[in-house]
Amino acid sequence: MIWNDEFETLPREAIESLQFKRLRQTLERVNATVPFYREHFRRAGVTPEQLKSLDDLRRFPFTLKQDMRDNYPYGLFAVPLEQIVRIHASSGTTGKPTVVGYTRRDIDTWSELMARSFVAAGAHKGDVIHNAYGYGLFTGGLGAHYGAERLGASVIPMSGGNTKKQIMIMQDFGSTVLTCTPSYSLFLAESVAEMGLDIRDFKLRIGIFGAEPWSEKMRDEIEAKLNLKAIDIYGLSEILGPGVAIECNEAQNGLHMWEDHFLPEIINPDTGEVLPDGERGELVITTITKEGIPLIRYRTRDITRLIAEPCICGRTHKRIERLSGRSDDMLIIRGVNVFPSQIESILINIEGVEPHYQLIVDREENLDSLEVQVEVNERTFSDEIKVLQELSNRIRKEIKDLLGVTCKVRLVETKTITRSEGKAKRVIDNRPQL
Amino acid sequence: MKVEQISIFIENKSGRLAEVTRVLGEAGVNIRALSLADTSDFGILRLIVDKTDTAKDVLKSKGFTVNKTEVVAVEVPDRPLGLNSILQVLDASRINVEYMYAFVERCGENAVIIFRFDDTEGAIRVLTEQGVKVLVGERVYCM
């Protein structure tokens, strides 16, 4: 099934001519309304009028996450605040979040794209959508929610956590579609088993999982344990939130990116050079319909490749291959984005603590775990246990409060964390590779 | 009237305690009393030694994190309620014990208890007033 037959199956030439028209308008609009872009384009020696074809986009400069931070909070908004009806944010690398604003039309587009995504995944009106993505500043919860309502399904706004209650509701309310992170879905599956329940007594049919990378092996496990079809969804708050790209139920092979709203490119992350379709590199996205905060050539840091071949589902939009990594040091821990530099800035703000730390990431019982190892020094050491425990509790609490991720803090002896010349090895990721 | 104690941070892994005692032994430092407080991840080893500064220096040079703190050594009659009488005095004066550990004198009838108080000066004053025998550092270092 296809939600928007007209746009989802546009012939290639029609997609590209629509993209060109919308791209040119977007460039003109940001040049006129966002001082950052006017200056950014001027420095790069480009003007919107120089865009004569889609290929000319590569002459325009990239937008980085740092640019969003530098323009915190509203500097990249292309409309006055009174036209913004919703503000979301994701945790930032120095304590300040990355802020995005949506106009009424942006929310409308987002709902449309999430409705398309639900239908591509195999959901329809009449489904009971159990939405376990977090509601709040994070885009996952509300993004999926509005799409489910647009579709006309019955949405249960569960949000995350409270696993036993989730399972009770899932069973009693007859949930047919589950939306959450892939790791949480496995945690749910195990909790179902631990509670002595049989998954065959549940009505789950489809799971739509995103916000963190996952493997085919994990997909097999989820599908077997939850007795559903597991679909991969992609999105990032800077661009929209969930619903930027999704796998179709028919092929489960690559995620269709809604090309009438987004323009994907793949670049070599080291040189910035644009790579041809099929080659693996960093995904760069330009929004071509967004009003609140249009982004030109935004570097997602996600590594993938573009698949231009037609898909058996009939959609003509290009697919991105399932993500295979990052071109920066960002960690995704239980769906939360964490940069080592964020942990570092929290540590150095705690009196006496030196930024000698290491992050150990692992997967225990299918849930990511984060251990933060911090060296004890003469300033933080005490002959009293409680003082050291207060220190580790404080570090844990600040990380939880600022980054939203629960971790274990382990105090270690001084000078036991390797000092290397140049870039320190801050992260040991023991999770199974994708 | 105060006694110097050194405390050492040690991770909860094999060989660390032995490393501390080896370093001290090779420097000719003799341990008089010790206590180990532990959590699942780390421990704090507290020592009273005959040469506090030497001990601190050699351990630091071997990469250990070491603190020097002042504690109080009290001689307690080695009989039932011996400790209790001292704790009663402290409680009445609202002085808190952060931690304590005990050892028995090699010859003699008394036990020695090392106390870490929240108010060291106050504790010494109260105990002395009540006739409790508070030991001077030199006495403890060469016991």
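**Entry 1. A strand pair and its sheet**

I note at once that the model is a predicted one. The pairing concerned is that of strand S17 (residues 357-364) of chain A with strand S18 (residues 367-375) of chain A, which is antiparallel and holds 8 bridges.

I then asked in which order the strands of the open sheet of 4 strands stand. The order is S19-S18-S17-S20 in chain A, and the pairing is mixed. At the edges I found S19 and strand S20 (427-429) of chain A, each of which pairs on one side only. Direction ignored, neighbouring strands of this sheet are turned by 20 degrees against each other on average.

Next I looked for helices against this sheet. Helix H10 (residues 340-348) of chain A packs on the sheet and touches S17, S18 and S20 of chain A. The direction of H10 makes about 130 degrees with that of S17(A). H11(A), in turn, lies across S18 and S19 of chain A and runs at about 140 degrees to S19(A).

**Entry 2. The side that touches chain B**

I looked up how many residues of chain A are in contact with chain B. I recorded 15 residues of chain A in contact with 16 residues of chain B. Helix H11 (385-403) and strand S19 (408-412) of chain A each supply at least two residues of the side of chain A that touches chain B. Which element gives the most to that side? I found that S19(A) does, with 3 residues. By class, the residues of this side of chain A divide into 5 nonpolar, 4 polar and 6 charged.

**Entry 3. Domains of chain A**

I consulted the domain assignment of chain A, which gives domain 1 (66-327) and domain 2 (333-429). The centres of domain 1 of chain A and domain 2 of chain A, taken over C-alpha atoms, are separated by 30 Å. To the contact between them, domain 1 of chain A brings 12 residues and domain 2 of chain A brings 14 residues. On the side of domain 1 of chain A that touches domain 2 of chain A, helix H8 (residues 182-194) of chain A gives the most, with 4 residues. I sorted the residues of that side of domain 1 of chain A into 3 nonpolar, 7 polar and 2 charged.

**Entry 4. Chain A as a whole**

I recorded 11 helices and 20 strands in chain A. The radius of gyration of chain A is 22 Å, close to the 22 Å that the globule rule gives for 434 residues, so chain A is as compact as a globular protein of that length. The C-alpha trace of chain A spans about 70 × 60 × 40 Å along its principal axes. Of the 434 residues in chain A, 44% are buried. Taking contacts in chain A between residues at least 6 apart in sequence, I found that 66% join residues at least 24 apart.

**Entry 5. Strands S1 and S2**

Is strand S2 (residues 98-103) of chain A mostly covered or uncovered? I found S2 of chain A mostly covered, with 5 of its 6 residues buried. Strand S1 (residues 84-90) of chain A is joined to S2(A) by 6 bridges, and the two run antiparallel. Within this pair, A:Ser90 stands opposite A:Thr98 in S2(A).

**Entry 6. A sheet of 3 strands**

I followed a further open sheet in chain A, whose 3 strands have the order S10-S11-S12 with antiparallel pairing. Strand S10 (262-267) and strand S12 (298-304) of chain A stand at the edges with a single partner strand each, so one side of each has no neighbour in the sheet. Neighbouring strands here are turned by 30 degrees against each other on average, direction ignored. I counted 4 bridges between strand S11 (residues 281-287) of chain A and S12(A), which run antiparallel. A:Val284 stands opposite A:Arg299 in S12(A).

**Entry 7. Backbone details**

I looked up A:Arg297, which is placed in the loop between S11 and S12 of chain A. Phi of A:Arg297 is near 50 degrees, a positive value in a residue other than glycine. A:Arg297 counts as partly exposed because it has 19 C-beta neighbours inside 10 Å, while a buried residue needs 20 or more.

In chain B, B:Arg94 also has a positive phi, of about 55 degrees, although it is not a glycine. B:Arg94 lies in the loop between helix H3 (82-92) and strand S5 (97-104) of chain B. B:Arg94 is exposed, with 10 other C-beta atoms within 10 Å.

Lastly, I found a cis peptide bond joining A:Tyr72 and A:Pro73, with omega about -10 degrees. A:Pro73 is found in the loop between helix H4 (65-70) and S1 of chain A.

Note on methods: Residues numbered from 1 in each chain as written. Chains lettered and ligands numbered in written order. Predicted model: local features only at pLDDT ≥ 70, side-chain atom pairs only at ≥ 80, totals over all residues. Domains from an automatic or database assignment. Contact = placed C-beta atoms within 7 Å. Nonpolar A, V, L, I, M, F, W, Y, C, P; charged D, E, K, R; others polar. Rg over C-alpha atoms; globule rule 2.2 N^0.38 Å. Buried ≥ 20, exposed ≤ 12 C-beta atoms within 10 Å, placed from the backbone. Pairing = 2+ DSSP bridges. Axes fitted to C-alpha atoms, helices over the stretch in contact; angles between N-to-C directions.
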